[in-house]
Amino acid sequence: MEKQTVPLLDLKAQYASIKEDVNIAITRVLESQAFILGEEVADFESSISAYLGCKYAIGVSSGTDALLLSLMALGVGPGDEVITTPFTFFATAGSIARTGAKIVFVDIEEDSFNLDPCYLRAAVTERTKAIIPVHLYGRSADMDGVMGVGREFDIPVIEDAAQSIGASFEGRKVGTIGNLGCFSFFPAKNLGGYGDGGLIATNDERLAEICRRLRVHGGAKKYFHESVGGNFRLDALQAAILGVKLPHLDRWNAARRANAKLYAAFFEPMVAEGTITLPLLGEKDVFNQFCIRVGKRDELQGHLKRAGISTAIYYPLSLHQQECFSELDYKEGDFPASERCAKTSLALPVYPDLSEEAIRYVADVVTEFCQRAADSMH
Ligand SMILES: *Cc1c(COP(=O)(O)O)cnc(C)c1O
C-alpha cells in the first residue's frame, strides 16, 4: 500500500468548482458597497427558508450567536434552567451559561451520540425554560421524544442543527421541528461560508420578530431600543457566498453519505469482530463527521497520522467535566455514555470531494492496525 496524504477536510476542489459564481457574487457586493444586511442577506434568507421548509430565516453572525440569540429571544436568564447534552461542541452549553441560566445535562444514546429523550422527564423542573437537542455529526436527534416532552411540559425546544444542515427527521428538515433552529456556516460545516456566519430558523412569527430585533441591538427602529440585543448580523458578503453554495448542498451531502457507506462496507469484517463500532447510517443523515468508535482510539489515531491520514477527536472531554462548569457539581460517572464516547470516538475524513482511492487507503490503514492489535493479543 502506497503512502498517501489524506487531510481531515479539504475544500479547495469544492472552491475550484464554484469559483466563477463566487467571484461574481463577491464582486456584486463590492460594487454595491452595501455590506450590512440589505438585499443580499434578505435574498439568502428567503432561499434558505424555502430550502429548509420554514416560514422565517434570520441570518446571524455565527452558530454560537444563533444559540445565544435564541435563548435571549425566549427570555432565558438567571434562575432559569436549560436542558442539553454533554456530548456536543462547547458552544451549545456555553451559550446557556452566558445567559446566566443553569445548564442541566442529560446523557446520550450511545449509538446515535445524541441526547436520549428518556432522561428528559426526570430533568424537568419548574425552572426549565428550554431544551436544546443537538443533531450531532449530521444525524437528527430523536425529535419525537424531545418534542413529546416539550409539549407535555410546555417547554420550548431549540435545535442545535449546526452540524446537520439538510438532514431530516421523519420528512422534516432538522432545525424546523422545534420552536427555533440554529445553524452554523463556519467553513467546516456542510454549508460553510468563507468566514463566520449562522442562521436561526423558525415558524413562529413572534419569535422571528424578536430575533430580528435583537440582531440589531434590540431596536426595530434605528436608535430606539425596546430591549437589549447585540450585533448579531450575518455579513452581506457571506450571504452572497452562501447563496452560491446552497444549490449544491444536497449533492455535497449525498457525497458525504456515499463516503460513509463506502467506509462501512470496508469495515464490515472489523465490525463483525467487534473491533470497530460504526455510526448509524441513515438515508437522511448528512455526515458532517464520520465517527467510528474503537477501543484503542489514541493508538489508532497515531497509527493513521504516521500513515499520512488526519483525523480528529470530537470531543475528548464531556462537557460536564469541563473546568469552567465545575460549579455545576457534576462528576465522572454521571453520564457514562457520553464519557465512553469521549474516550472512543474518532472522526475520519468524509468530506464530499474525498476520493474513493483515499477512502480505500484510510480503510486499509485502519484494517492493518486492527489486525496488528489482534495479533499482539495472541
Ligand atoms: C459549530 C457548532 C456550533 C457553533 O457554531 P459557530 O458558527 O462556530 O459559532 C454550535 N453547536 C455545534 C454542535 C457546532 O458543531
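Modeller: A polar contact here is a pair of N or O atoms within 3.5 Å. The model is predicted, so local features need pLDDT of at least 70 and side-chain atom pairs count only at pLDDT 80 or more, while totals for chains, interfaces and linings use all residues. Residue numbers start from 1 along each chain as its sequence is written, and side-chain values use heavy atoms, with hydrogens and water left out.

Around the ligand there are 16 residues (a heavy atom within 4 Å), of which G63, T64, D160, S184 and K189 come nearest. G63 places a backbone N or O atom 2.8 Å from a ligand oxygen. From T64, a polar side-chain atom lies 2.5 Å from an oxygen atom of the ligand. S184 also uses its side chain, with an N or O atom 2.6 Å from a ligand oxygen. Taken alone, the ligand exposes 380 Å² (Shrake-Rupley, 1.4 Å probe), and the protein buries 92% of that.

The ligand takes up the space of the largest pocket, a pocket being an open set of points on a 1 Å grid where a 1.4 Å probe fits, with protein on both sides within 12 Å along at least five of seven lines. Two or more shell residues come from each of α3 (63-73) and α4 (90-99), with helices taken as DSSP runs of H or I of at least four residues and strands as E runs of at least two. α3 gives the most, three residues. By class the shell holds six nonpolar, eight polar and two charged residues, with Gly counted as polar and Asp, Glu, Lys and Arg as charged.

As for the backbone, a cis peptide bond joins Y314 and Y315, with omega about 5°. Y315 lies in the loop between α10 and α11. Y223, not a glycine, has a positive phi of about 70° and is found in the loop between α7 (205-215) and α8 (236-245). Most residues other than glycine have a negative phi, and most peptide bonds are trans.

How values were computed. Polar contact = N/O pair within 3.5 Å; in protein donor to acceptor, adjacent residues only side chain to side chain. 1 Å grid on protein atoms, 1.4 Å probe; cavity = no way out; pocket = protein on both sides within 12 Å on 5 of 7 lines; lining within 4 Å. Sits in = over half its atoms within 2 Å of the grid points.
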